[in-house]
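The following report is written for a reader who meets this protein for the first time. Please look over the sequence and the structure before reading on.

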Amino acid sequence: MSIKMDELLKNEFGFNEIETKTLDGYENENYRIKTGSDQYIFKTYQYIDNDELLALVKAENETLLFLQKTPNKNYPKPIPFLDGSFIKILTIDGEKKICRMLTFLDGEFLGDIKPTKHLFESFGIFLAETDIKLQKLSNYTIKAREQVWDIQYLDLNKKFINDIPNAKDRNIVNYFFQQFEEIVRPELPYLRKQIIHNDANEWNVLSKNGEVTGFIDFGDLAHSLLINELAIAITYACYDKENPLEWASVILKSYHSKLPIKENEIKVLYYLIAARLSISVCNSAHSRKISPENTYASVSEKSGWNMLYRWLSISPIEAENTFKEAIGLRIENPKTIDEVAEKRNQHISSILSLSYNEPIYMVRSAFQYMYDAYGNTFLDAYNNIPHVGHSHPKVVAAGQQQMAKLNTNTRYLYDQLAEYAEKLLSKFPASLNKVYFVNSGSAASDLAIRIAKIHTRNKKIMVMEHGYHGHTQTATDISDYKFNNPKGQGQKDFILKTQIPDTYRGKYTSNVKNAGEKYAQEAITLIENSDLAIAAFISEPIVGCAGQVPLADGYLKDVYPAIRKQGGVCISDEVQTGFGRLGDYFWGFEAHNVVPDMVIIGKPMANGHPMGAVICTDEIAESFSKGVEFFSSFGGNPVSCAVAKSVLEVIEDEKLQENAKTVGDFYKSLFFELQKKYNCIGDIRGGGLFLGMEIIKENSIEPNVKLAHHIKNELRNRNILISTDGPFDSVIKTKPALCFTKEDAKKVVDNIDEVLKLYYNNL
Ligand code: PMP
């Protein structure tokens, strides 16, 4: 090759005594040429009568020639062939190639040197100076170009998302694609556009003596948003940094000192950076799929993923405020907590409580994070309704798409109802094969009780001590947690309350052999002594409002037959425990080796979209069908069904039940470690990502409510959401979205550790 290449270079450029070296390239072949003290890059591109590529290479050369007009050597300079042209189509090794020669720029790559503030400042300045020069350039080829690496054409990368092997990774990218649509797309017409370099990554930026001195590789030139230039520079300069916002601010500030950035550009910058990271990981995944042996395309992949995940933990509001501060823009003051609370209190009764001594004013969320109005990111270890993660892109898309097509009621035929019913019931034992859709857990428990009464013709309802099933009159009547409250309505005549089979605080503790059977025996006596026959027995498998108390082993196995024997039905309230949260089981009743006659579900079912359901046997449904028509205006509407179906799909795709198991087991083991250090930790219980920890006064089982509240509020001050519950409100409760990670679990437990350490030090 060399001899031929030497000859070609001699004939075409008049070069003598040449040394050539082949370089790595993304799509083309490049050679580094030395002749005497001069160095060049000879670039060749395969030419298959491809006029578009030829036009682009011409446009790139024109840009480089344009940049030479200002006297400096900071950009590669096109070198003419002997005939005066800058681009020629030559035949090399029998192949037609587009060829051109550029000067070689000396310097160290930004990616190879230690970052300093001065280096980043000079980067910002160099970038701004380049963009100022490019402002005056107009080129219709560049303007017409639509390419995957140009953030304004983010959509072109959608076809690569499925090349990302891991479902969770895919959905992080989906999330940022969706946020782009919501936040950036509406702003696009108002953002400045011009020709930009469009690829100021760490291997295209050169430096000398700790300062940026040049840019190379103008192959991605784009007529795009000016702010994309910075978004790209920041992405690659910061994607391996612990504190990307700090480093980004240095570049922004210096860029702004030369070329002022506008407020509407700053507002979208966080999402543009996320978009560029998404483009990078999409293209890495795609390249690996089509040519697994080519590692060149994947160099930035690991840092890209790290930063995408880190980016989620940074509130977009914090990012915007930091960027604004860096360039001296005024940060808008959001309403104060008092103002927001005052407005709420004007029309919302004080009977609706707020969490924490200091309430939180939430504005956005993503997966396991919630963002408040002041730029704080909260790790959400408490809210189980966003089951697959806050603002999950698949769930959001399902709702948006169906809402744009059809939303109606069950008196018309549409596919979504039957499709979801089939998918949902496939998760249940075969005997549970009819479903009624409603809009809340309360509506579900209310309906379940009505159906049970109609089916059995009995009047009494047996309920669990401390149980909670909702806010309607019937739901309140069957909820000891409500009716037994000092301010509650009291126990109604038709209610039979059974003591909770709690092996920590109850009559039979875990030291007692067969505690579950003993509790069951007492319940059976209650059933047998009931004045009237019992229509239904309703309980959760782990009683949430009791402070995550699992029913003792063997309890339901004995109680269910006793209820059925006297003509009643057994209802499992899976509003909290269902949909894989427990890790080992998809439904909580499975842990007790029983199959209920009816199940009620709600909360996580549609990830926060209001939906609930009653599931029952054919036989029960048959009895109910003999009565008046059942109709719920919203129950089972196509939008709700589409949303709920997407939740089941995400649970499967992202293997979230398995995640609940592995992360939950790890989380629980950390709590057990903590228990060894502090005597104030009593019982630790629950399963999967549904856990509770009793806070007690030392050497007793007396609840330590004050300390439990202290932990909860201190965690809130450390931006971790958790809550307390139980009859004394002394149980720390955690039930995060199933996308919770081991790192998140460790963060929660480490923080509780610190809170307790400080608490005991200050006693
Ligand atoms: N059952 C249980 C076990 C619950 O936890 C709840 C809500 N906390 C309900 C029923 C009632 O659900 P909703 O608030 O959707 O009416």
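Asn514 is partly exposed, since its relative accessible area is 42%, where buried means under 20% relative accessible area, exposed over 50% and partly exposed in between (1.4 Å probe, protein chains only). This is a predicted model, in which local features need pLDDT of at least 70 and side-chain atom pairs count only at pLDDT 80 or more, while totals for chains, interfaces and linings use all residues. Residues are numbered from 1 along each chain as its sequence is written, and side-chain values use heavy atoms, with hydrogens and water left out.

Asn514 is located in the loop that runs between strand 17 (495-498) and helix 17 (515-528); helices (H or I, at least four residues) and strands (E, at least two) are DSSP runs, numbered from the N terminus. The phi angle of Asn514 is near 55 degrees, which is a positive value in a residue other than glycine. Asn699 likewise has a positive phi, near 55 degrees, and is a residue other than glycine. The loop that holds Asn699 lies between strand 25 (690-695) and helix 22 (705-717), and Asn699 counts as exposed because its relative accessible area is 73%.

## The chain as a whole

The protein chain contains 23 helices and 28 strands, and its C-alpha atoms fill a box of roughly 110 × 65 × 50 Å when taken along the principal axes. Of its 763 residues, 56% count as buried. Among the contacts in the chain with a separation of 6 or more, 73% are made by residues 24 or more positions apart, where contact means heavy atoms within 4.5 Å.

The accessible surface of the protein chain is about 33,500 Å², and carbon and sulfur atoms contribute 49% of it; such areas come from the Shrake-Rupley method with a 1.4 Å probe, and for residues only the protein chains shown count as cover. The chain carries 87 positive and 98 negative side chains, and the centres of these two sets lie 2 Å apart. In this count Lys and Arg are positive and Asp and Glu negative, while His and the chain ends are not counted, and the place of a charge is taken as NZ of Lys, CZ of Arg, CG of Asp or CD of Glu.

## Buried residues

| Residue | Relative accessibility |
|---|---|
| Lys460 | 6% |
| Ser249 | 13% |
| His592 | 9% |
| Tyr436 | 12% |
| Cys282 | 0% |
| Cys616 | 0% |

Lys460 belongs to strand 16 (residues 460-464), and its side chain makes a polar contact of 3.0 Å with the side chain of Asp531. A polar contact is a pair of N or O atoms within 3.5 Å; within protein, one must be able to donate a hydrogen and the other to accept it, and residues adjacent in sequence count only if both atoms are side-chain atoms. Not counting residues up to four places away in sequence, Lys460 touches several others, among them Asp493, Phe494, Ser530 and Ala536.

Ser249 is part of helix 7 (residues 244-258), where its side chain reaches the backbone oxygen of Leu245 at 2.8 Å. Once neighbours within four places in sequence are left aside, Ser249 is in contact with Thr322 and Ala326.

His592 is found in the loop between strand 21 (569-573) and strand 22 (598-601). Although His592 and Leu551 are 41 residues apart in sequence, their C-alpha atoms are 8.4 Å apart in space, and Leu551 is one of the residues that His592 touches, a list that also includes Pro541 and Lys557.

Tyr436 sits in strand 15 (residues 432-438). Its C-alpha atom is separated by 9.3 Å from that of Phe631, which is 195 residues away along the chain. With neighbours within four places in sequence set aside, Tyr436 is in contact with residues including Leu447, Ile451, Cys616 and Phe630.

How many disulfides does the structure hold? The structure holds 0 disulfides, a disulfide being a pair of cysteine sulfur atoms within 2.5 Å. Cys282 is in no disulfide, and the nearest cysteine sulfur, that of Cys739, is 20 Å away. Cys616 is in no disulfide either, with the nearest cysteine sulfur, that of Cys570, 14 Å away.
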